[in-house]
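Please open the structure in your viewer and keep the selection tool ready.

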Amino acid sequence: DKVVEPTKEELDEKVRGLVNDLSKKLKMTRTSKKSRRITVLGDISEIKDMGYTVKYTFYKKGPKDKKYRAIRTTTNNRYKFLKLKTGTNRFKVMIRVYDNE
């Protein structure tokens with residue numbers, strides 16, 4: 001019996017689907033009056049088992065800022081934002097998947 005390995009395109013398409021599901025599952029908790037913790041929920045073990053590296057970039061937009069600013073890039077799925085300004089703060093997370101080849 002021959003073992004058929006999936007092609008690079010098939011693996012990439014599967015990873016895109018897994019990342020799209022991941023990016024919709026975020027949780028924000030209040031740790032104190034002026035700090036928040038954002039956690040990306042989801043299981044990335046399947047992506048790591050396929051030989052990919054996952055990195056998260058956390059962004060913040062303050063009440064008077066015109067654009068989002070990158071705060072931290074990490075392989076950890078959570079980040080704590082400190083010293084928030086009073087008003088509406090907006091957050092976003094960009095999930096990047098890198099091939100280890």
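Begin by selecting aspartate 99, which is partly exposed, with a relative accessible area of 31%. Here, buried means under 20% relative accessible area, exposed means over 50%, and partly exposed lies in between (1.4 Å probe, protein chains only).

Before continuing, note that this is a predicted model, in which local features need pLDDT of at least 70 and side-chain atom pairs count only at pLDDT 80 or more, while totals for chains, interfaces and linings use all residues. Residues are numbered from 1 along each chain as its sequence is written, and side-chain values use heavy atoms, with hydrogens and water left out.

**The salt bridges**

A salt bridge is a side-chain nitrogen of Lys or Arg within 4 Å of a carboxyl oxygen of Asp or Glu. Helices (H or I, at least four residues) and strands (E, at least two) are DSSP runs, numbered from the N terminus. Lysine 8 is partly exposed, at 35% relative accessibility.

How many salt bridges does a search of the whole structure find? The search finds 4. One of them joins the side chains of lysine 14 and glutamate 46 (3.1 Å, N to O). Lysine 14 lies in helix H1 and glutamate 46 in helix H2, 32 residues apart, and the pair links distant parts of the chain. Both residues are partly exposed: lysine 14 has a relative accessible area of 43%, and glutamate 46 has 34%.

Now select glutamate 13 and arginine 16, whose side chains also meet in a salt bridge (3.0 Å, N to O). Both lie in helix H1, 3 residues apart, about one turn of the helix.

**The sheet**

Turn to the open sheet of 3 strands, with the order E4-E3-E6 and antiparallel pairing. Two strands pair if DSSP finds at least two bridges between them. The edge strands, E4 (69–74) and E6 (90–99), each pair on one side only. Select strand E3 (residues 52–61), which 10 bridges join to E6. Within E3, find valine 54, whose bridge partner in E6 is valine 97.

**The loop**

Finally, select glycine 42, in the loop between strand E2 (35–40) and helix H2 (45–49). Glycine 42 and leucine 22 are 20 residues apart in sequence and 5.5 Å apart in space, C-alpha to C-alpha.
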